[in-house]
Amino acid sequence: SDFLGLRDVPEAEKKLVALKKSPALKAALKKQQEQIDEQAASENEVSGKLHAYVSGSAEDGTTLASTIVQEMHQLNDQAEHSKNEVKRLVARRAFAGLFVEGIESGQEELESRHFDKAEACFDLMSKVSDSPWPVLLLAETYAAEGNKKQALRELKEAVRRGVDVDAIESNERFQVLKTDPEFQKLVQAAKAK
């Protein structure tokens, strides 16, 4: 359609019509939609719980957090170990989407200065993944609320998990820690690795 009138396209139009009628294409599109639906179902189930946890509307936040962690671990396990490649891909995408949702929820809460909710999000995501980022964000949250001791503890964990020392040194939220001897020692040790 982009070249209609600019170039002779009848042959391409015939191929497009044939492709649209192709049973193989219809079957592939149907499979793709099934995968999208399966991913959405997995994400929606946990996403609703994540939202309830972050908003504080759950009666028992501790149990809900444990359930979210367990369900996300199951998704991650399926993403890593399912014998069915399609199920692995669907689970990997669902897990990644939920992880990003948890991190972004925490970042929104941090920007709104709702430190307790930000802490809850980042702590939860640090339990479902070995990624250093939720722990680094948790350290940022503690630094922003003036809890230097806890911020340093989380920074040590972020370094242990492999965060780049430049991400610590260049982070404006850690300005309050720059003169702290423990912070300087942590940065020097990370650079020596």
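Reader: At what relative accessibility does arginine 173 count as partly exposed?
Author: This is a predicted model, in which local features need pLDDT of at least 70, side-chain atom pairs count only at pLDDT 80 or more, and totals for chains, interfaces and linings use all residues. Residues are numbered from 1 along each chain as its sequence is written, and side-chain values use heavy atoms, with hydrogens and water left out. With a 1.4 Å probe and protein chains only, buried means under 20% relative accessible area, exposed over 50%, and partly exposed in between. Arginine 173 counts as partly exposed because its relative accessibility is 26%.

Reader: With which residue does the side chain of glutamate 111 meet in a salt bridge?
Author: A salt bridge here is a side-chain nitrogen of Lys or Arg within 4 Å of a carboxyl oxygen of Asp or Glu, and for glutamate 111 the N to O value is 2.5 Å. Glutamate 111 lies in helix 4 (residues 85–111) and its partner in the loop between helix 8 and helix 9, so the pair ties together parts that are 62 residues apart in sequence. Helices are DSSP runs of H or I with at least four residues, and strands are runs of E with at least two, both numbered from the N terminus. The partner is arginine 173.

Reader: Which side chain of opposite charge is nearest to glutamate 119, and how far away is that side chain?
Author: Glutamate 119, found in helix 5 (residues 115–128), is buried yet has no salt bridge. For charge, Lys and Arg count as positive and Asp and Glu as negative, while His and the chain ends are not counted. By that count, the nearest side chain of opposite charge belongs to arginine 153, at 11 Å.

Reader: What is the relative accessible area of alanine 139?
Author: Alanine 139 is found in helix 6 and, leaving aside residues up to four places away in sequence, touches Ala151, Glu154, Leu155 and Phe174, where contact means heavy atoms within 4.5 Å. The C-alpha atoms of alanine 139 and phenylalanine 174 are separated by 8.6 Å, although the two are 35 residues apart along the chain. Alanine 139 is classed as buried because its relative accessible area is 0%.

Reader: Against which helices do the buried residues of helix 7 pack?
Author: Helix 7 (residues 148–160) has 13 residues, and its buried residues include Ala151, Glu154 and Leu155. The buried residues of helix 7 pack against helix 6 (133–144), helix 8 (165–169) and helix 9 (181–192).

Methods
Expected span 1.5 Å × (residues − 1).
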